[in-house]
Amino acid sequence: MNNKYVTKEYLNKKLETIDTKIDALSKHIDDKFEQIPNVIENSIFKEREFQREQQKETRRFFWGTIIIGGISAVAGVASVIVSLILR
């Protein structure tokens, strides 16, 4: 038989195989699109956690600076009082 032509049975069999592969690919694409909201939600959750950690660090820095500055101010005032008393 000449290789230029195919039989109807062979062509139908190949078309069924191609249709099956296209259906599987379509389902795979649909599954990926269904996962997009979960991916976005996870990204937002991670960003919120990062922001909370940043706020916690900022608060810790702020209160640490205020406490250290307050202690330094009290030590300075105490030093001035002690130096005036000892004069």
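Reply: In this predicted model, E53 and K56 lie three residues apart in helix α1, and are therefore separated by about one helical turn. Their side chains form a salt bridge, in which the closest N and O atoms are 3.7 Å apart; the cut-off for such a contact is 4 Å. E53 is partly exposed, at a relative accessible area of 40%, and K56 is likewise partly exposed, with a value of 40%.

A search of the whole structure finds four salt bridges. One of them joins R52 to E49, with an N to O distance of 2.6 Å. R52 and E49 are also three residues apart in helix α1, so about one helical turn separates them. R52 has 46% relative accessibility and counts as partly exposed, as does E49 with a relative accessible area of 30%.

Another salt bridge links K27 with D31, whose closest N and O atoms are 3.5 Å apart. Here the spacing is four residues within helix α1, again about one helical turn. K27 is exposed, at 53% relative accessible area, whereas D31 is partly exposed at 31%.

F62 is partly exposed, with 44% relative accessibility.

Finally, V6, Y10, L11, L15, I18 and I22 make a nonpolar surface patch of about 560 Å². Of these residues, I18 is placed in helix α1, which comprises residues 8-85, and is partly exposed at a relative accessible area of 45%.

Terms used. Residues numbered from 1 in each chain as written. Predicted model: local features only at pLDDT ≥ 70, side-chain atom pairs only at ≥ 80, totals over all residues. Heavy atoms only, no water. Patch = residues over 30% accessible without salt bridge, like charges linked within 9 Å, V, L, I, M, F, W, Y side chains within 5 Å. Areas by Shrake-Rupley, 256 points an atom, 1.4 Å probe, with all protein chains shown as cover. Helix = DSSP H or I, 4+ residues; strand = E, 2+ residues; numbered from the N terminus. Buried < 20%, exposed > 50% of the residue type's maximum accessible area, 1.4 Å probe, protein only.
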